Amino acid sequence: MATKKYVGAVDQGTTSTRFMIFDHSGKVIGVHQLEHEQIYPQPGWVEHDPMEIWERTQQVIKGALEKSKVDPSELAAIGSTNQRETTVVWNKKTGKPYYNAIVWQDTRTDKICNELAKDGGQDRFRSKVGLPLATYFSGPKIKWMLENVPGVREAAEKGEAIFGNIDTWEIWWLTGGPNGGAHVTDVTNASRTMLMNLKTLNWDDEILKIMGIPRQMLPEIRPSSDPKIYGYTPKYGPFGMKIPVAGDLGDQQGALVGQTCYSVGEAKNTYGTGCFMLLNTGTEPVASKSGLLTTLAYKFGDEPAHYALEGSIAITGALVQWLRDNLNMISKSAEIEDLAKKVEDNGGIYFVPAFSGLFAPYWRSDARGVIVGLTRYINKGHIGRAALEATAFQTREVLDAMKKDSGVELKALKVDGGMVYNNLLMQFQADILGVPVVRPMVAETTALGSAYAAGLAVGFWNNLDDMRTNWQIDKTWKPEMKEEDRKRLYKGWLKAVERTFNWVE
């Protein structure tokens, strides 16, 4: 193994794709990143072009290798991490998608979800799959394609049309595509379809029948870190040689693994387009009574699977992009901090960004965004500040729900993602939670997690302790706010959230 110095990770996100190369200490050796188009055919619909994503993937692989001067022969393995729930159905002979990828934020399956909920309510399948009936998950999106895209149902019955979340699509192409590509997913991505039984870690025949989804469309469910290897990159692929593809984690689980949250009660929050908090609950699934998702954390080889509670917030970083692109309030996302610093506080306003409904802990697709408490006094500094505070308040709601469900007291919150370089936000986050917020040296933990999974599978890292020793603190924010201020601000936020309900009839 002496010549194998690195592990590579494809990180396919909602707005961009990148390839990252890590060394044994978890340090970033190379990275290349490219955006792809966001397609909005009508209000509430969000799509991506899967072929464009695969193009970008090949470009970023080549770009990162060139920039870092790493030879592909030095890579021990490749891992994949991805935007979850984003649904692709394609022809396994040609590799051509039947339709654009339907993105996790898309709400077109609202009617399907309401129909399914008529028998048994929103929690109809929750005891089996850990998820409420919501537009977020892949199952109803597959059903929509089968019902609305001409030819897909016939092709699926024949075994020609196959489904995957983006991880499956990427791994299929990375391992040869139409020429014997591996049609696989891992437990974490499978747990986001609403079709996998949490106990058996297999597709649930009863739910497939109810949704009318042919089982032969679905990928094989494998461990997140698989010593049996999903497949190898072909010589004609972007690497130009055979490299094992052996790790697969949904992006939020990738961050949990990258943050080395391997013990019960360890939690991380990723600040990206949306915000995602995961708490490791160990080898037993914990059912949520507070609107959280019960999900898989990871499964390494033959070891028992680990579960997590997850709170998903739809709009956080996307709110800053909205201020930039739709209102032209700032010209770069990074300018939000300076804008917010122009004022002492939020001036009494709250901004609840329920642009596509509310996710955890409410699951209200009838909610829409509001700014409340407006007076003549308010200027754009207050709006900028309220936009940042929204992220911290929503995180607090999720944390409260986690405490309620698991009985675990959080001692500190490990954070990662693009917004963790915003000091104002991180300080406010610590203040509103009342616990320290900790940023690690490598904040790109999502890709690191999938690199860990792949490297662990091929013996590049020997065990979890190997990875734990890589984790180092970069910065800690301690709470400084008075308890009565924390209570008052949070009470105002909860009042503001109620104003978003029942907007869509």
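A residue is called buried when its relative accessible area is under 20%, exposed when that value is over 50%, and partly exposed in between. Keep this at hand for the exercises below, which explore a predicted model.

**Exercise 1. Decide how the rings of Tyr136 and Trp363 are arranged, where the two residues lie, and whether they are buried or exposed.**

Solution. 
Step 1: Start with the general idea that two aromatic rings are described by the distance of their centres and the angle of their planes. The whole structure holds 28 aromatic pairs.
Step 2: For Tyr136 and Trp363, the centres are 6.0 Å apart and the planes make an angle of 25°. Planes under 30 degrees apart count as stacked, so this pair is stacked.
Step 3: Now find the two residues along the chain. Tyr136 is in the loop between helix 3 (126-129) and helix 4 (138-148), while Trp363 is in the loop between strand 19 (350-352) and strand 20 (370-372). The pair therefore ties together parts that are 227 residues apart in sequence.

**Exercise 2. Classify the ring pair of Trp322 and Phe355, and work out how accessible each residue is.**

Solution. 
Step 1: The ring centres lie 5.2 Å apart, with the planes at 55°. Stacked needs an angle under 30 degrees and edge-to-face one over 60, so the pair is tilted.
Step 2: Trp322 sits in helix 10 (residues 317-325), and Phe355 in the loop between strand 19 and strand 20. Parts that are 33 residues apart in sequence are thus tied together by the pair.
Step 3: Trp322 has a relative accessible area of 25%, so Trp322 is partly exposed. Phe355 has 31%, so Phe355 is partly exposed as well.

**Exercise 3. Find which charged residues sit over the rings of Trp144 and Trp471.**

Solution. 
Step 1: Over the face of Trp144 lies Arg108, at 4.6 Å from the ring centre.
Step 2: Over the ring of Trp471 sits the charged end of Lys414, 4.1 Å from the centre.

**Exercise 4. Among the salt bridges, locate the partners Asp302 and Lys228, and say how accessible they are.**

Solution. 
Step 1: The structure has 33 salt bridges in total. In one of them, the side chains of Asp302 and Lys228 meet at 3.9 Å, N to O.
Step 2: This pair links distant parts of the chain, 74 residues apart. Asp302 is in the loop between strand 17 (293-298) and strand 18 (306-313), and Lys228 in the loop between strand 12 (220-222) and strand 13 (231-232).
Step 3: With 71% relative accessibility, Asp302 is exposed. Lys228, at 63%, is exposed too.

Methods: Residues are numbered from 1 along each chain as its sequence is written. This is a predicted model: local features need pLDDT of at least 70, side-chain atom pairs count only at pLDDT 80 or more; totals for chains, interfaces and linings use all residues. Side-chain values use heavy atoms; hydrogens and water are left out. Rings of Phe, Tyr and Trp (its six-membered ring) pair if their centres lie within 6.5 Å; planes under 30 degrees apart count as stacked, over 60 as edge-to-face and the rest as tilted. Helices (H or I, at least four residues) and strands (E, at least two) are DSSP runs, numbered from the N terminus. Buried means under 20% relative accessible area, exposed over 50%, partly exposed in between (1.4 Å probe, protein chains only). A charge sits over a ring if NZ of Lys or CZ of Arg is within 6 Å of the ring centre and within 35 degrees of the ring normal. A salt bridge is a side-chain nitrogen of Lys or Arg within 4 Å of a carboxyl oxygen of Asp or Glu.
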